[in-house]
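Subject: Structure handover

Hello,

Here is the structure for your own work. My notes on it follow below.

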Amino acid sequence: MKQVNGYVQEPMATPQSELEQDGVVQQQEYHEQQMNSIATHAGEAQEFSLAIKPKGPPLFKLSALYKSRLKSCIFLHFLLFFVMLAKLSEDILDRMDIFILELEELFIPKPLPFEYLWTGSIVFAIIGLRGLARNRLSALNSYAAGTVVLGVCPLIGAAIWFYSDVAEYADKKQEAEVEKWQGIPVGLWWYGFVTVAVQVHFYSIYFAYKLIKIWRIKLKRV
């Protein structure tokens, strides 16, 4: 800058300085475009990653969940088995020529064939537990099929067998001429057992079916 007559005179802009300023502006605009482009690509990448993200929990979590629930159902199956075993104990001991006065005084009703059939379903419960412990698909298939045949079918037979007694008791109450134990018709005892056992078997088969589907998917991926 020059000082003329006490005033400071600024130098006039030259064409070269204007070109330099234009170059700086262009560089700034270029950098801004680059930053905008990077931000756009980052947003698209994030949207793409969200789009391909699998929905729902992973298979191993579902497998662990259904295994836990199936084990709970099998545990309930064992409890029902011991209830049935207590009911059959007098007949079993009689066949073994073992006499226990306390059991005889209970006057437990004589067992029917489907009671022994249902008791046999515990074998498939054991197979199911072994299959869960070793992740064996074949064992789980056997468990599901055996539960239907020896678990559900005998219960349906019991419901049909005692239907007339329950219907008569519902109609005539205490005047009904039906077999009773502890003052309650045997049919009602059985219907209570059937109600609980059918639910246990239903959920057992459902969870087993879910596990079979998951394990088959895993086998296809291997």
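Helices, as the word is used here, are DSSP runs of H or I with at least four residues, and strands are runs of E with at least two. On that basis residues 70-88 are 100% helix and 0% strand, with 27 Å between the end C-alpha atoms. The span of residues 188-209 is likewise 100% helix and 0% strand, and its end C-alpha atoms lie 31 Å apart. Both spans come from the UniProt record, an unreviewed entry, which annotates residues 70-88, 116-133, 140-163 and 188-209 as "transmembrane region".

Please keep in mind that this is a predicted model. The mean pLDDT of the protein chain is 80, and 73% of the residues reach at least 70. By element, helix α6 (residues 137-161) has the highest mean, 95, while strand β2 (residues 7-9) has the lowest, 44. Where pLDDT is low, the predicted coordinates should not be read in detail.

On the cysteines: how many disulfides does the structure hold? The count is zero. As for accessibility, C73 counts as buried because its relative accessibility is 9%, which is under the 20% cut-off. C153 is at 43% relative accessibility and therefore counts as partly exposed, since that class lies between 20% and 50%.

Regards

Terms used
Residues are numbered from 1 along each chain as its sequence is written. This is a predicted model: local features need pLDDT of at least 70, side-chain atom pairs count only at pLDDT 80 or more; totals for chains, interfaces and linings use all residues. Side-chain values use heavy atoms; hydrogens and water are left out. A disulfide is a pair of cysteine sulfur atoms within 2.5 Å. Buried means under 20% relative accessible area, exposed over 50%, partly exposed in between (1.4 Å probe, protein chains only). pLDDT is the predictor's confidence in each residue, from 0 to 100. UniProt positions are given in the numbering used here, feature names are shortened, and annotations may be inferred rather than shown by experiment.
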